[in-house]
2 protein chains.
Amino acid sequence: MTESLQIQLKKGVLEMCVLALLSKGDNYAYDIASRMAEAVGMGEGTIYPLMRRMQNDGLVSTYLQESGSGPPRKYYKLTKSGANALKAQVSEWIVFETAVRKILGDAT
Amino acid sequence: MTESLQIQLKKGVLEMCVLALLSKGDNYAYDIASRMAEAVGMGEGTIYPLMRRMQNDGLVSTYLQESGSGPPRKYYKLTKSGANALKAQVSEWIVFETAVRKILGDAT
DNA sequence: AATGGTACCTTGCACGGCAAGGTACCATGT
DNA sequence: ACATGGTACCTTGCCGTGCAAGGTACCATT
């Protein structure tokens with residue numbers, strides 16, 4: 001139950017993190033997943049539904065590109081609306097983080 | 001979809017916040033809910049299942065106390081194991097927060 | 001009697017991460 | 001030739017948990 005904290009925490013934040021990664025350059029799901037796995041322990045099975053959702057919401061667009069090693073990669077690119085969403089979510093995150101820090105207060 | 005971020009963010013963090021509140025003194029669900037509603041927008045319907053879970057997990061114990069105004073209150077008190085859980089969760093939170101900040105990087 | 005605040009609680013729903021599994025391509029080793 | 005292992009895509013079914021909406025009951029005020 002205690003260990004579910006990490007899992008639950010991720011909800012909602014992953015989309016923002018993916019948007020942030022993409023804001024630094026186009027990328028493909030497998031690589032994003034690897035980075036996120038290292039950073040916050042995201043499972044690979046999580047990325048594909050997430051990318052699909054983001055595409056449906058118009059936050060990213062895609063294009064295929066050969067890789068030379070392995071199957072072709074599907075690159076994701078931030079749209080303008082994705083960039084806006086990133087800004088909005090980052091400021092929400094900061095508000096939230098601040099509120100939590102305030103509650104924790106001296107418990108930190 | 002964007003506004004669901006706030007909702008999702010709460011998952012996993014609420015337990016830690018409640019533990020933090022209780023570490024400053026015993027309290028009853030209704031009051032905890034009010035404070036959390038103000039701080040992070042938690043709905044009242046969320047607190048009762050949460051408190052029940054925490055009690056089942058042995059993080060809190062309860063006692064009844066008359067209030068003079070309205071029905072008797074069920075006070076929650078942190079157990080030792082609850083205090084330990086708080087410490088653990090706070091350090092997990094800090095790790096997570098740091099990882100997210102690193103990913104956001106200059107997007108902030 | 002009726003309203004409104006306090007305080008408890010339940011039910012049904014939706015969202016989204018996870019584990020486990022599956023497909024296919026390519027390079028390397030034996 | 002074939003097996004192994006890495007890359008890269010994707011799907012399915014499950015589970016935890018916050019939410020909205022609703023329900024009960026006590027008490028004070030109007």
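**Confidence, sheets and helix packing**

Modeller: Let us begin with confidence, since this is a predicted model. In chain A, residues 1–5 have pLDDT under 50, and the model has six contacts beyond four places in sequence for them.

Biologist: Which elements of chain A have the lowest and the highest mean pLDDT?

Modeller: Helix H1 (residues 4–10) of chain A has the lowest, at 51, whereas E1(A) has the highest, at 97. For chain A as a whole the mean pLDDT is 86, with 87% of its residues at 70 or more.

Biologist: How do the strands of a sheet pair?

Modeller: In general, strands of a sheet pair through backbone hydrogen bonds, in either a parallel or an antiparallel sense. In chain A, three strands in the order E1-E3-E2 make an open sheet with antiparallel pairing. Its edge strands, each pairing on one side only, are E1 (27–28) and E2 (60–65) of chain A. Two bridges pair E1(A) with strand E3 (residues 73–78) of chain A in the antiparallel sense, and Tyr28(A) stands opposite Tyr75(A) in E3(A).

Biologist: What is the strand order of the open sheet in chain B?

Modeller: The order is E1-E3-E2 (chain B), and the pairing of these three strands is antiparallel. E2(B) and strand E3 (residues 73–78) of chain B run antiparallel and are joined by six bridges. Tyr63(B) stands opposite Tyr75(B) in E3(B). Helix H4 (residues 44–56) of chain B packs on this sheet, where it touches E2 and E3 of chain B, and its direction makes about 120° with that of E2(B).

Biologist: How should I read the packing of two helices?

Modeller: Two packed helices are described by the angle between their axes and by the distance between those axes. Helix H2 (residues 13–22) and helix H5 (residues 80–104), both of chain B, pack at about 130° with axes 9 Å apart. H2(B) and H5(B) are therefore oblique to each other, and their crossing is left-handed. The contact includes Met16(B) and Leu19(B) of H2(B), and Leu86(B) and Trp93(B) of H5(B). Its residues divide into eight nonpolar, two polar and one charged.

Biologist: Which residues meet where H5(A) packs with H3(B)?

Modeller: Phe96(A), Ala99(A) and Ile103(A) in H5(A) meet Met36(B), Ala39(B) and Val40(B) in H3(B). The residues of this contact are six nonpolar, with no polar and no charged ones. Here helix H5 (residues 80–104) of chain A and helix H3 (residues 29–40) of chain B pack at an angle of about 145°, and their axes are 9 Å apart.

Technical notes
Residues numbered from 1 in each chain as written. Chains lettered and ligands numbered in written order. Predicted model: local features only at pLDDT ≥ 70, side-chain atom pairs only at ≥ 80, totals over all residues. Heavy atoms only, no water. Axes fitted to C-alpha atoms, helices over the stretch in contact; angles between N-to-C directions. Helix = DSSP H or I, 4+ residues; strand = E, 2+ residues; numbered from the N terminus. Contact = heavy atoms within 4.5 Å. Nonpolar A, V, L, I, M, F, W, Y, C, P; charged D, E, K, R; others polar. Pairing = 2+ DSSP bridges. pLDDT = per-residue confidence, 0-100. Parallel < 35°, antiparallel > 145°, perpendicular 65-115°, else oblique. Left-handed = near helix turned anticlockwise from the far one by under 90°.
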